[in-house]
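Here is a short report on one protein chain.

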Amino acid sequence: MIRLLPWLCVLCLLLAACTRVETGKTTATAIHTTSAQTAAATSIQTTTAKISTQMVTTAAATTAVQTTQTAATTTATTQALYGYPENMTYTILADAGAPELCMGMIIKNPSREQLSEAVLLQRYIVDEDGETLLVIPRFDSMKMSVCQAIENEDGTVSAGDELYIIRYTEDGTALALRAQRTEGKTKIVVVVSGGGCEAEYPVTYGGRGGRAENMFLLPIDG
């Protein structure tokens, strides 16, 4: 038994060495697996980020193209409808938020300074005790009329006989119209036409008193 003891010690040492080797292999495998998983996750995250960036870039490019196309269409439509130089009086007095496709504007109870901007100001009085409406065509070479109002059976109002006409507007043209804006009944209609389009403004009371405000004349079919 004493003779076998050294051999048993050697055997135990060999078993311990084998166990350490297997443990090392297992640890190395686990480390390798974790590294591979980390690398794969990083690759997926990088790819996802690239795709997201590409989507954002594509969306921004699409929005820019749509905005450019809309602006180009609006400009082309304006030029096709009118095709005339803009009236300098309109250019000076129009608000920054004026609709692109308007044919003119009306300023209720204009100041003296505003009236002075129309170098070719014409005046027409319907009612001496009425309020003043400054009618400004947007472009040169347009026609402006003050017409009798016709009340239709469906409750709408249309322009009838012409009472006053400016057949050909020039740069600086505007009309100072004095008329009563009666509530519930329309007496006259202001008409601005040109470029195959027409805009109308029935002169009536809108419940806003005498406060000055701007109104823009849009094409009837626009």
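## Confidence and contacts

This is a predicted model. The protein chain has a mean pLDDT of 73, and 58% of its residues reach 70 or more. Confidence is lowest in helix α1 (residues 5–81) and highest in β2. Two stretches fall under 50: residues 24–28 and residues 207–212. The table sets these values out.

| Part of the chain | pLDDT | Contacts in the model |
|---|---|---|
| Residues 24–28 | under 50 | 0 beyond four places in sequence |

Helix α1 has a mean of 51, and β2 has a mean of 95. Where pLDDT is low, the predicted coordinates should not be read in detail.

## The aromatic pair

How many aromatic pairs does the structure hold? There is 1. Tyr124 and Tyr164 make it, and their rings are stacked. The centres are 4.8 Å apart, with 25° between the planes. Planes under 30 degrees apart count as stacked, so this pair qualifies. Tyr124 belongs to strand β2 (residues 120–125) and Tyr164 to strand β5 (residues 157–166), so the pair ties together parts that are 40 residues apart in sequence.

## The nonpolar patch

Which residues make the nonpolar surface patch? They are Met88, Ile92, Val119 and Leu120, and the patch covers about 330 Å². Val119 sits in the loop between α3 (112–116) and β2. Is Val119 buried or exposed? Its relative accessibility is 54%, so Val119 counts as exposed. The cut-off for exposed is over 50%.

Technical notes:
Residues are numbered from 1 along each chain as its sequence is written. This is a predicted model: local features need pLDDT of at least 70, side-chain atom pairs count only at pLDDT 80 or more; totals for chains, interfaces and linings use all residues. Side-chain values use heavy atoms; hydrogens and water are left out. Rings of Phe, Tyr and Trp (its six-membered ring) pair if their centres lie within 6.5 Å; planes under 30 degrees apart count as stacked, over 60 as edge-to-face and the rest as tilted. Helices (H or I, at least four residues) and strands (E, at least two) are DSSP runs, numbered from the N terminus. Patches are made of residues with over 30% relative accessible area and no salt bridge: like charges are joined within 9 Å, nonpolar side chains (Val, Leu, Ile, Met, Phe, Trp, Tyr) within 5 Å. Accessible areas come from the Shrake-Rupley method with a 1.4 Å probe; for residues, only the protein chains shown count as cover. A salt bridge is a side-chain nitrogen of Lys or Arg within 4 Å of a carboxyl oxygen of Asp or Glu. Buried means under 20% relative accessible area, exposed over 50%, partly exposed in between (1.4 Å probe, protein chains only). pLDDT is the predictor's confidence in each residue, from 0 to 100. Contact means heavy atoms within 4.5 Å.
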